[in-house]
Every structure is written in structure tokens, then in C-alpha cells.
Amino acid sequence: TPPSLLRNFCIIAHIDHGKSTLADRMLQHTGVVDARAMRAQYLDRMDIERERGITIKSQAVRLPFTKSTGDDAGTTYVLNLIDTPGHVDFTYEVSRSLEACEGAVLLVDAAQGIEAQTLANLYLAIDADLHVIPVLNKIDLPGAQPEKYAAEIAHILGGDPDDVLRVSAKTGEGVESLLNAIVDEVPAPVGDADAPPRALIFDSVYDTYRGVVTYVRVVDGKLTHRDRIKMMSTGAVHEMLEVGVISPEPVKAGEIGVGEVGYLITGVKEVRQSRVGDTVTSNVHGATEPLGGYRHPNPMVYSGLYPIDGDDYPTLRDALEKLQLNDAALSYEPESSGALGFGFRIGFLGLLHLEIVRERLEREFNLDLISTAPNVVYRVVMEDGSEVTVTNPSEYPTGKIATVHEPVTKATVLSPAEYIGAIMELCQSRRGQLQGMDYLSEDRVEIRYTLPMGEIMFDFFDALKSRTKGYASLDYEPTGEQEADLVKVDILLQGEVVDAFSAIVHRDSAYAYGVALAGRLKELIPRQQFEVPIQAAIGARVIARENIRALRKDVLAKCYGGDISRKRKLLEKQKEGKKRMKMVGRVEVPQEAFIAALSTG
Ligand code: GDP
Ligand code: MG
């Protein structure tokens, strides 16, 4: 397809604003999926399948669309709809997907208005020089306020509120006008067809049957199935086995040229050899300059993962190795803990990433795991000038420390104006610094703060939601680091430091943290046959203490007196409970206790 007939675009939206449903209508309207085969969230379905490794995720769909308005009515164009991951953990991937497009549909729920995530992605789209087409969705809803939110959008983007398109992804109303607008407004891709090939990798997934499938957008030249290709960041050369496009299932093509979007299958075995953001060229007569800024994804949070049953350690090691095949952002190294035995320190892009990895390890590899409270990365400069990067609080240096540095983020909160006070109070209590505030309309504001990453990453969003009755939305991005007055708080059970409970906190909140965590642990750790003192300490100084009293004998006796079915139930219950218990010294500690630190904020 000549570039003049190509349009590459993405849809950016806050979760639930209707991105998947709009994609469904586009698939249907362009006849890519016929009415019989249509099912809701067509592309999402493939998402789940991909998660289980049985099919190729549809990251880019090719939609043949015949113009119905204007001078070019009757001309058939090829629209490539490129999906973007919506979550803040994957901002880097979002920005790469955007690089593969010339236009973005900014989809906003006409009953909700713009949310923080929409805004964050919108700014990325503007940074990537995309043409933005603002669209209000769900105009069929009785509660829709298209006038109000069109004004809000015009306030942010400039332009006339009347130019904001209105659609219902549910009924299909307005979808054809939108497709026409995409052809009219989104620029055709520009590239040099005669230059050595350069293609941007905007996603790569691992497929059990086909190996790594790499999604690319060709910028210059063309890629054919006969090429040997080179990854420009590593210089690695691979045999090309297949080139194709997705519409909506993968279809082989002999080649893909300037502006086209498609997939490559090579002999590559791990997604880390085919990384998002890298440039693909040909091995002979290849390009010399890669496309803009390839970056390694850096882990933002670390957590320890330990098998509950120590014998599962080799299984966990193999499982991590397998997971890494399809998760280039996952990094891990072995570590050992006095309390938990042998396990791994794992680096994640964010908490969602952590949850996904943990769930997959448990579900797909049948493992029972203990995960320790996640933490961000600290840089500690010693008085002698040496530096320590701390990814595990128990490894916090004990020598003479000159300065400690923590990562910081730029956070954006969107909320009804009535909650401004509550939001500012929360941000202040998390050591935030106000950067600015703007009214989007008379009753909605955008509030910007810089906040330490360690203060925003864990329970901040829940706190924000509860203070704003669920109305505020949040987005943040890492922006660097700052010096901070931090200390390590240790927890001792029966006088012994339990390394897995150590945390790094700000000096001003260390005392409150110690008291809260000791209190939580007292609730979470069941009574044992003996007394268990709990202490929180900074160095040798104890800052809080609690005591778990010993279990009285007659309580146990009573349990075994009842009728047979009750007894069995009780035993089963105990077994259930056992699964998640870990012996720490002589003390049985439940899984929840290891992440209790999270909910003490
Ligand atoms: P996504 O998270 O942005 O992909 O949103 P979905 O496409 O999954 O839609 C979220 C919810 O909104 C679903 O229950 C959809 O059925 C509903 N929805 C999407 N578009 C419309 C619309 O135009 N009108 C109405 N009434 N509901 C819609
Ligand atoms: Mg969706």
C-alpha cells in the first residue's frame, strides 16, 4: 500500500471510557470482523489468550476503509489501529506505540470528562507530534454532558468545542464520521522508500508455538521475508521466518514498506532480544542511525519472592527464567534472607507489574510464594565517597552515611474542585511539593505535585480515592531523585531482627511507622504456644513494642472436643491457613504480615 493511502493511529482513553468498544465498532464497520463473528471487546479477548501464550496478541489491526465523504469518497484506505497499554507502569511502552502513529483519537466518556490517565497519554501524544482528534463517547447515555466536556477538551487542546466529534461506541452512531475524519486529518506516513530499512519495534510478545513475535512500524525502506535482520541496539542478527500484517488474525505478506505496520517472526527466543523501542534494519546494507532514543526499561520497585516451601526454590528459579522469555522488563537475582531462606530479589516497573508476575508464577507454575513489602531504589553516598544502590532495605549500609537519595515523581491529580483541600492535605502529608493547579472547567481541577516515589507508589491511590469519594484520578512519572532524611526501621520478633520486615522510611514518620507496623503484626501473627515480643527499632534504639500473648492450653483442648464434621472443617481451615504460613525462627508468620508494611501509611 502506498503511504498516501495509509493512516496510522491509536486511541487514547482512560480505562472504561470505551476504547475496546470503539475498536469493536471499527472492526465491524470496516468489515474486518463480520457481524456473526463479532463478540464484545474482540481485541481484548486476544489479550487474555496471549497471556496464556496461545495466540498472537493483536497489537495493531489493519482496517480497510472506503471513504464516504469528501473529494476522495470511494477511495479505499488502510487504517492501522495501534493499541497502547493503558497503565502507568508501562508509560515507556505507550510512548513507543505512539511513535508508530501519526494520529491519536482522544476518547473521553461524555458522562465523566477527562481523567488523569487520559491527560498523561495526551501529553505523550503531543510530545510525539501526533495529530489529536478529540472525541466524546457514550453520547447515548442519559447522564452524558457533551457540551460541558467538549468545553473542557477545547480548554485543554485549544480549538472550538463544536469541533469535538461525538460518538456512541455502543450503538455505532458517529463511528463512520470518525473514520472519515481520521483519513482527512491524520497525516499520511512519510519515509524514504529507497533508504536502508528502519523499523521501530513497538511491542514484542512470546508465543508458545511461534516464538517471539515482534510488532514493527516501518519508517524507511522495506522488510521482506527473505531478509536477515539486525537489531540496532545489540547488533544481533536474526533469520527472518515470516513477515505479515494483522487483520484481525495474522496474515503473511511478502514484505512491508514505508509507513506500514506489521509483525516479524524470527529465530529469536526471548523478547529481551527484541526489545520495544529498538530499531530493526537489514544485516547487509543496513541503516547506520537508529530511530530515536532507545531506552532500557529500568525497574522502579523491588520485592523479594520466596517459596513458602524451601524445596520449591529450583521450581521458582525455572519459572522466573521462563517468564523472562516474554517479559523483557523483568529482572531478578538470587538473594537469601535469614527469615525466609533462599529466594529472589525482583525488579518491577510498578505494582501492577509486580501483581501480574506474582499471579502468573503462582497460577502457571503452581507455586506458593511469600512476597516481601516492595520498595523503591535508594542511592546512599558514604562519607568516604563510595556509593551503594539499595534495592533491599536489609542491605542498607551501616557505616558513616553522607547523603541518601530517593526517586521522585511528577504527579497529576484530576478531581472535582470540592476536594482540593483534601487532596492537598494528603499530598502534603506525603512530603509533596505543589507545582501548580489549573481549572479544567468551573468545577474540575488539575493539581500537580512532585512526590517521592516511595510515597506515591504503594497506598497513595487508595488514600486519594477514599478522600475524594472515588472521583479523583492520578497519574505520575519518574523525574529524577532528591536528597532525603531517611532511616531504616527494623522489626524484631523475640529479640531477633527479621530482615524481611525492614523498611526505609523518612525520619519524621519513622516513629509512627514503627508503632503502626508493630500493631499490625500483633493482629496478623496468630498466638503461639509461647509469648512473642515484637519490637520496632532504628539501629539499637527501640521505638515501639507489642506483645503477642501465649496461647492457653484449654483453648486448644476445646477445639478438639466437638463433633466430627466440625473437627474436619477446623482441620481443613487450619490447612488452608498453613499454606500461607512461614516459620520465622520458632514463630509462625502468615503471608499477609510480610506486606503489612504497605497498609500502615
Ligand atoms: P475501555 O476500558 O476503554 O476499553 O472501555 P470498554 O470498551 O471496555 O467500555 C467500558 C464500559 O463502557 C463497557 O461496559 C462498555 O459496554 C461501555 N461503553 C462503551 N462505549 C459505550 C457507549 O458508547 N455507550 C454506552 N452506554 N456504554 C458504552
Ligand atoms: Mg479495554
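Contact here means heavy atoms within 4.5 Å. This is a predicted model in which local features need pLDDT of at least 70 and side-chain atom pairs count only at pLDDT 80 or more, while totals for chains, interfaces and linings use all residues. Residues are numbered from 1 along each chain as its sequence is written, chains are lettered from A and ligands numbered from 1 in the order in which they are written, and side-chain values use heavy atoms, with hydrogens and water left out.

Y313 is a place to begin. Leaving aside residues up to four places away in sequence, Y313 touches P307, P334, F342, G343 and F344. Y313 belongs to helix α7, residues 313–325; helices (H or I, at least four residues) and strands (E, at least two) are DSSP runs, numbered from the N terminus. With a relative accessibility of 18%, Y313 counts as buried. Buried means under 20% relative accessible area, exposed over 50%, and partly exposed in between, with a 1.4 Å probe and protein chains only. From Y313 to I201 there are 112 residues in sequence and 35 Å in space, C-alpha to C-alpha.

Strand β7 covers residues 198–207 and pairs with β8 in the antiparallel sense over nine bridges; two strands pair if DSSP finds at least two bridges between them. Three residues separate β7 and β8, which form a hairpin. Within this pairing, S204 has T214 of β8 as its bridge partner. Strand β8 (residues 211–220) is mostly covered, with 10 of its 10 residues buried. β8 is also joined to strand β14 (residues 261–266) by five bridges, and these two run antiparallel. Here V216 has G262 of β14 as its bridge partner.

Another sheet is built from six strands. This sheet is open, has the order β2-β3-β1-β4-β5-β6, and its pairing is mixed. At its edges are β2 (60–66) and β6 (165–166), each of which pairs on one side only. Strands β1 (residues 6–13) and β3 (residues 76–82) pair in the parallel sense over five bridges, and F9 has L81 of β3 as its bridge partner. Helix α5, residues 146–157, packs on the sheet and touches β4 (103–109), β5 (131–137) and β6, its direction making about 165 degrees with that of β5. Axes are lines fitted to C-alpha atoms, for helices over the stretch in contact, and angles run from 0 to 180 degrees between N-to-C directions. Helix α6 (residues 175–185) lies across β1, β2, β3, β4, β5 and β6 and runs at about 170 degrees to β5.

Two further helices meet each other. The axes of α9 (residues 420–429) and α11 (residues 460–467) come within 10 Å and cross at roughly 155 degrees. α9 and α11 are therefore roughly antiparallel, a term for angles over 145 degrees, with those under 35 roughly parallel, 65 to 115 roughly perpendicular and the rest oblique. The contact involves A422, I423, L426 and C427 of α9, and F460, A463, L464 and R467 of α11.

Two loop residues remain. Most residues other than glycine have a negative phi. R431, in the loop between α9 and β23 (433–441), has a positive phi near 60 degrees and is partly exposed, with a relative accessible area of 23%. N366 lies in the loop between α8 (351–365) and β19 (369–371). The phi of N366 is also positive, near 55 degrees, and N366 is exposed, with a relative accessible area of 70%.
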